[in-house]
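Please look over the sequence and the model first, and then follow the points below topic by topic.

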Amino acid sequence: MANVKVYSTPTCPFCKKAKEFLKQNNFTFEDLNVAESEQARSEMIKKSGQVAVPVLDIDGEIIVGFDREKIKKALKI
Amino acid sequence: MDTGKYDTVIVGAGVAGLGAAVYTGRFQMKTAVVGETPGGTIILTNDVANYPGFSQITGLDLAEKLQAHVNNYNVETVEKVVTRVERCPEGCFKVFTGNEYLHTQSIIFATGTEWKKLKVPGEKEFTNKGVHYCALCDGALYKDKIIGVVGGSDSATKEALLLVEYGKKVYIIYRKEKIRPEPINLNRVMGHKRIEIINNTNVTGIKGNTFVTSVTFNEPYEGSTEFQLDAVFIEIGHIPLSGLAKEIGVEVNEKGEIKIDRDAKTNIEGVFAAGDVTDTVFKQAITGVAEGATAAYSAYHYVNEHELICCHSDEE
């Protein structure tokens, strides 16, 4: 099973959609709130080189935004 | 590959498309709603206080309620991007999502809009590195920072009111003399200590290192044309996404908006349109949904009044 991290903010609608998509496809993930956690925010910026959410880390592959096709490919579904 | 025959395909799954789908579903039309982002742009609005029946609701919640209503009917939702549309000689249409297509007797275009860009140096380079278009998505990342909002509409004002919940100070930067939000939002902005309006000013560039550090103005502000800030949110309007409709000859106005009559009909038989992509002057969620319902009614009558033998698929 893929190791998935989602960097998000509580109000971001695309973050919510990304998490719902993962749940619908039976993937568990670590949910990192970058609005609250400076560490998570720094980690996200280091991995993605930018400041926008959501950012998904799927087994080391970084996807910025709720890009359904890229996410499916990374999850191999 | 032909993936099925429909009475109507609704291109776009925003509120106008979903509103249409409620009615086509109730009319028992074989319907597919095709759109990558169910809910459309309304989901980027945190505070919807002008949709009758709801004193206050988030855009995402409103979209989800509409989708739930659509799900009560036998309507297919296809979460894909429509890549092109073709019109068959017999009068039917093919709606493509990549290599697959849906055959349909009628189309309702509810394709909405996309954000207008400033088109200044630095905007592209610093996108998501201090330049943003969605306060609801990214505003929380600028806690205690100095934030600029470019634009003077009600949407821009609401973005500023959301961003000031996070930022140390928010500047609304507008090219004209007075911002033009709804009076209720104007009052909120004018009464807020941490929101300042910079009028009669254009942003001419965006500067920074890895991330944004300043913007440049066409006119000095407090003695300088360079203004330091940590982020700039751009809310200067939207461009109608009418490209797919134009491909089959649908008429648009000088702004690229699809021209419709009172029955949501376009100039092409069997083609209707609703929502922000149309030439409706007052674009709101409720007017888009209402147009979607009107388009559905018109499509229903069109389908019932026209017996079409649709173009054959490649396999036939």
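Predicted model: local features only at pLDDT ≥ 70, side-chain atom pairs only at ≥ 80, totals over all residues.

Two strands are said to pair if DSSP finds at least two bridges between them.

**Strand 1 of chain A and its partners**

- Strand 1 of chain A, which covers residues 4–8, is joined by four bridges to strand 3 (residues 55–58) of chain A, and these two run antiparallel; within this pairing, Y7(A) stands opposite V55(A).
- Strand 1 of chain A also pairs with strand 2 (residues 30–33) of chain A, here in the parallel sense and over four bridges, with V6(A) standing opposite D31(A).
- In a regular strand the side chains alternate between the two faces of the sheet.
- Both faces of strand 1 of chain A are covered, with V4(A), V6(A) and S8(A) buried on one side and K5(A) and Y7(A) buried on the other, and five of the five residues of this strand are therefore counted as buried, since a residue is buried if 20 or more other C-beta atoms lie within 10 Å of its own.

**Helix 1 of chain A**

- Together with strand 1 and strand 2 of chain A, helix 1 (residues 13–24) of chain A makes a right-handed β-α-β unit.
- The twelve residues of helix 1 of chain A should span 16 Å at 1.5 Å a residue, and the end C-alpha atoms are 16 Å apart, which agrees.
- The buried residues of this helix are P13(A), F14(A), C15(A), A18(A) and L22(A), and what covers them includes strand 1 and strand 3 of chain A together with helix 2 (59–70) and helix 3 of chain B.
- After helix 1 of chain A comes N26(A), whose phi is positive, near 65°.

**Contact between chains A and B**

- In chain B, 15 residues are in contact with 15 residues of chain A.
- Helix 3 (residues 135–138) of chain B gives three residues to the side of chain B that touches chain A, which is the largest share.
- That side of chain B has, by class, eight nonpolar, four polar and three charged residues.

**An open sheet in chain B**

- Three strands of chain B form an open sheet in the order 12-13-14, and their pairing is antiparallel.
- Strand 12 (203–208) and strand 14 (224–228) of chain B stand at the edges with a single partner strand each, so one side of each is left without a neighbour in the sheet.
- Neighbouring strands of this sheet are turned by 30° against each other on average, direction ignored.
- Strand 12 of chain B is joined to strand 13 (residues 212–221) of chain B by five bridges, and K207(B) stands opposite S214(B) in strand 13.

Key:
Residues numbered from 1 in each chain as written. Chains lettered and ligands numbered in written order. Buried ≥ 20, exposed ≤ 12 C-beta atoms within 10 Å, placed from the backbone. Right-handed = clockwise from strand over helix to strand, strands pointing away. Axes fitted to C-alpha atoms, helices over the stretch in contact; angles between N-to-C directions. Contact = placed C-beta atoms within 7 Å. Nonpolar A, V, L, I, M, F, W, Y, C, P; charged D, E, K, R; others polar. Expected span 1.5 Å × (residues − 1).
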